[in-house]
Amino acid sequence: MEITTPQFKQNVTGALADRQLQRALSHVRGNFVGKRAAAAAALPEFEALRDEARNIKNHVLENLDIYLETFEKNVTRQGGKVHWAATASEARGHILDICRKVGARSATKGKSMISEEIGLNAFLEESGIRPVETDLGEYIIQLRGERPSHIIAPAVHVNADQVREDFRRVHTHLPPERPLEEPESLLAEARAILRDQFLSSDVGITGANFLVAETGTSVIVTNEGNGDLTQILPRVHIVIASLEKIVPTLEDMSQILRVLARSATGQEMSVYTTLSSGPKRKGDPDGPDEFHVVLLDNGRSDMIGTEFQDMLRCIRCGACMNHCPVYQAVGGHAYGWVYPGPMGSVLTPQFIGVEKGGNLPNASTFCGRCEEVCPMRIPLPKMMRHWREKEFERHLSPPAHRRNLKAWAWLAKRPGLYRLFTRLAARGLWVLGGAKRRTGFLPMAGAWTRHRDMPTPEGGTFLAQWKAGRHRTGQGTGGAS
Amino acid sequence: MSEPVRIGLFVTCLVDLFRPTVGFAAVKLLEEAGCEVHVPVSQTCCGQPAWNSGDRADTADIARQVIAAFEGFDHIVAPSGSCAGMLSKHYPELFAGDAQWEARAVAFAGKVHELVSFLTDVMGLERVAARLDARVTYHDSCSGLRELGIAEQPRKLLATVEGLELAEMKNSNVCCGFGGTFAVKYSDVSNAIVSEKAATIDATEADLLLAGDLGCLLNMAGKLRRNGSKTEVRHVAEVLAGMTDAPPIGGKA
């Protein structure tokens with residue numbers, strides 16, 4: 001899978017100049033934010049539920065081995081099978097084996113970010129199995145040959161007129177002059193096309209929002225019902241999930257469900273919450289003949305016991321990116337791999353290495369809005385700062401930035417010299433600013449003055465004036481102390 | 001009469017260099033509230049640039065210097081939510097597990113306050129004796145808002161400034177795009193964010209933009225002046241202290 005995270009700055013330049021993208025993003029701003037705020041305000045116990053949700057996942061992470069084994073035992077008891085995958089490649093291998101065993105030629109897919117993480121679609125295509133995304137947003141970006149730009153709204157970067165063009169380009173068996181002006185007509189067309197795919201598919205692949213240990217159940221939440229058809233109609237259902245999705249009990253799942261949709265879309269609950277426990281049993285009216293769970297680690301267990309462990313509480317609601325000023329400005333593709341926004345800025349260096357992913361934890365103002373809304377109370381800015389520490393320790397940060405920082409810190413530790421330097425700087429900049437009190441050009445500060453003026457100092461530093469006996473507005477008696 | 005409250009004023013490096021008026025306004029407000037203000041001249045910076053760049057060693061050197069200079073005061077007050085947040089929230093985190101410094105950092109942190117919230121929440125200030133005939137809008141700087149819970153305090157005091165009309169901007173709690181070194185490291189993204197902020201400020205048709213953090217103010221003032229906006233920019237302390245004679249930040253509109 002192509003990783004463009006190292007070119008984050010170039011990606012950003014492109015994103016900011018992309019008028020279609022900016023138009024789409026302007027609809028995002030405020031929409032998710034207002035709905036989440038209203039949903040949280042409408043539930044008096046929302047903050048207490050966040051604590052509860054955090055505690056549940058913390059408990060799981062402390063006892064992950066026990067719950068994973070319990071989950072496997074209960075899946076097996078019900079006639080399903082758990083496949084352990086340490087790496088993305090192992091997970092792909094398991095899925096291909098299952099597909100080959102049943103002679104699958106196509107696979108319908110519910111929305112899954114783990115599928116993106118392991119690059120499943122490209123792999124299945126290379127292996128002669130046609131993957132068909134059935135979530136509308138995923139279907140659209142599959143047609144466009146793109147990646148999701150948001151973890152719960154994968155096509156949030158696309159405008160309706162672009163979808164209309166894509167449908168006319170790809171659905172060539174339909175009359176070219178058909179009306180597609182109304183959003184409903186786009187939906188109806190997608191629904192009709194996907195219905196055929198559901199009925200003819202050999203294997204259905206879904207992700208999981210939760211894996212419930214006590215019952216061996218995988219759980220998905222969707223708003224379109226496509227997940228249900230994906231997992232009920234084909235003969236084989238494969239769940240692809242990462243191991244931190246585990247919760248001990250159904251009660252724990254329902255606790256976390258109460259914060260999930262509210263944080264994600266502002267809904268009290270997603271439209272569909274679907275629980276799958278094993279294959280079709282005798283007497284069941286429907287369900288798959290085979291039920292497989294591919295459990296992916298892919299470096300997650302390495303995070304346990306480190307400063308990044310809290311990140312494994314993430315339930316993929318997307319609230320952090322919805323509220324992030326950087327994400328709102330550039331969208332998800334600029335982040336260059338699978339996971340965008342603040343959660344992606346913590347996860348990406350873990351998965352692709354901080355050498356390649358280091359831009360992301362740096363591209364944050366640390367405004368803290370992500371942490372403020374995270375239903376699992378993950379201290380996202382703190383985690384990003386930990387990545388910056390790793391970079392600094394390993395001398396990966398840009399040499400110029402490092403030199404400037406070191407020079408400044410050297411000075412800041414020498415108060416006398418520091419005062420001399422700041423007095424000269426204040427004076428020099430004051431002269432530069434002149435009567436306008438600002439400058440549009442400052443040597444070495446082009447990154448600032450390209451976009452904004454630099455307000456210039458008032459003349460003398462505070463400390464110099466204070467030492468000289470100025471107090472308040474000049475009439476006082478204060479002095480150095 | 002009881003002993004006056006002894007304050008160590010942490011001026012902040014930006015106020016010291018760019019906007020001494022804010023420091024003098026802080027002194028005035030604190031003294032009028034009955035405090036005795038001291039300014040250790042050995043202070044330089046809180047260390048935040050190093051901390052946010054992942055440089056723990058330099059941060060710790062600077063933090064030890066700050067703690068040693070200020071821990072003797074009853075309270076440490078800074079006219080910045082960002083620097084006060086660094087001193088009160090991040091120093092204890094920085095020294096966690098440090099046998100020699102953790103306890104000192106925690107004790108020190110417990111005495112650190114941002115200026116406006118200190119005046120209202122600790123000194124019980126209800127009103128200020130200032131007058132300004134202006135339509136004003138207030139930006140909630142992120143660290144003050146989210147690390148220290150500062151939102152109502154400045155609005156409460158601004159409401160007592162005679163002649164002042166507060167016109168809230170949309171999304172006043174959304175970042176201005178400054179983020180310290182972020183503004184130069186990712187200047188295009190920063191510009192996109194501050195452009196959005198400038199648009200919401202302009203929409204209020206305010207004469208004056210106020211906030212409690214000079215970093216954010218320099219960023220927003222720089223953008224507003226570049227855009228030719230009619231809104232001028234000051235630190236909230238200048239207005240509360242009635243010290244609005246000096247030219248605004250970045251000059252007049």
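Which residue in β7(B) is the bridge partner of B:Tyr138? The partner is B:Leu210. This is a predicted model, in which local features need pLDDT of at least 70, side-chain atom pairs count only at pLDDT 80 or more, and totals for chains, interfaces and linings use all residues. Residues are numbered from 1 along each chain as its sequence is written, while chains are lettered from A and ligands numbered from 1 in the order in which they are written.

**Domains**

- Chain A is divided into domain 1 (1-42 + 318-397), domain 2 (46-302) and domain 3 (400-467); domain bounds come from an automatic or database domain assignment.
- The centres of domain 2 and domain 3 of chain A, taken over C-alpha atoms, are separated by 54 Å.
- Chain B has domain 1 (5-121) and domain 2 (127-240).
- Between the centres of these two domains of chain B, again over C-alpha atoms, lie 22 Å.
- Their contact takes 27 residues from domain 1 of chain B and 22 residues from domain 2 of chain B. Two residues are in contact if their C-beta atoms, placed from the backbone, lie within 7 Å.
- On the domain 1 side, the elements that give two or more residues are α1 (13-18), α2 (20-32), α3 (48-51), α5 (81-94) and α7 (115-122) of chain B. Helices (H or I, at least four residues) and strands (E, at least two) are DSSP runs, numbered from the N terminus.
- That side of domain 1 of chain B has 12 nonpolar, 11 polar and four charged residues. Ala, Val, Leu, Ile, Met, Phe, Trp, Tyr, Cys and Pro count as nonpolar, Asp, Glu, Lys and Arg as charged, and the others, Gly among them, as polar.

**Where chain A meets chain B**

- In the model, 58 residues of chain A are in contact with 63 residues of chain B.
- The chain A side divides into 27 nonpolar, 15 polar and 16 charged residues.
- Helix α1 (residues 8-17) of chain A packs with helix α11 (residues 187-203) of chain B at an angle of about 30°, their axes 9 Å apart. Axes are lines fitted to C-alpha atoms, for helices over the stretch in contact, and angles run from 0 to 180 degrees between N-to-C directions.
- α1(A) and α11(B) are therefore roughly parallel to each other. Angles under 35 degrees count as roughly parallel, over 145 as roughly antiparallel, 65 to 115 as roughly perpendicular and the rest as oblique.
- A:Val12, A:Thr13 and A:Leu16 of α1(A) make this contact with B:Asp188, B:Val189 and B:Ala192 of α11(B).
- These residues divide into four nonpolar, one polar and one charged.

**Helix pairs within chain A**

- Helix α4 (residues 46-62) and helix α13 (residues 250-264) of chain A pack at about 125°, with their axes 9 Å apart.
- α4(A) and α13(A) are therefore oblique to each other.
- α4(A) passes α13(A) in a left-handed crossing. A crossing is left-handed if the near helix is turned anticlockwise from the far one by less than a right angle, and right-handed if clockwise.
- The residues of the contact of α4(A) with α13(A) divide into six nonpolar, one polar and five charged.
- Helix α17 (residues 341-352) and helix α21 (residues 380-393) of chain A pack at about 30°, with axes 9 Å apart.
- In this pair, A:Pro342, A:Met343, A:Ser345, A:Val346 and A:Pro349 in α17(A) meet A:Leu380, A:Met383, A:Met384 and A:Trp387 in α21(A).
- By class, the contact has eight nonpolar, one polar and no charged residues.

**Sheets and strand pairs**

- An open sheet of six strands in chain A has the order β1-β10-β7-β4-β2-β3, with parallel pairing. Two strands pair if DSSP finds at least two bridges between them.
- β1 (81-85) and β3 (130-133) of chain A stand at the edges with a single partner strand each, so one side of each is left without a neighbour in the sheet.
- β1(A) pairs with strand β10 (residues 290-296) of chain A in the parallel sense over five bridges. A:His83 stands opposite A:Val294 in β10(A).
- An open sheet of four strands in chain A has the order β8-β5-β6-β9, with mixed pairing.
- In chain B, strand β5 (residues 131-138) and strand β6 (residues 162-166) pair in the parallel sense over four bridges.
- Three bridges join β5(B) to strand β7 (residues 208-211) of chain B, and these strands run parallel.
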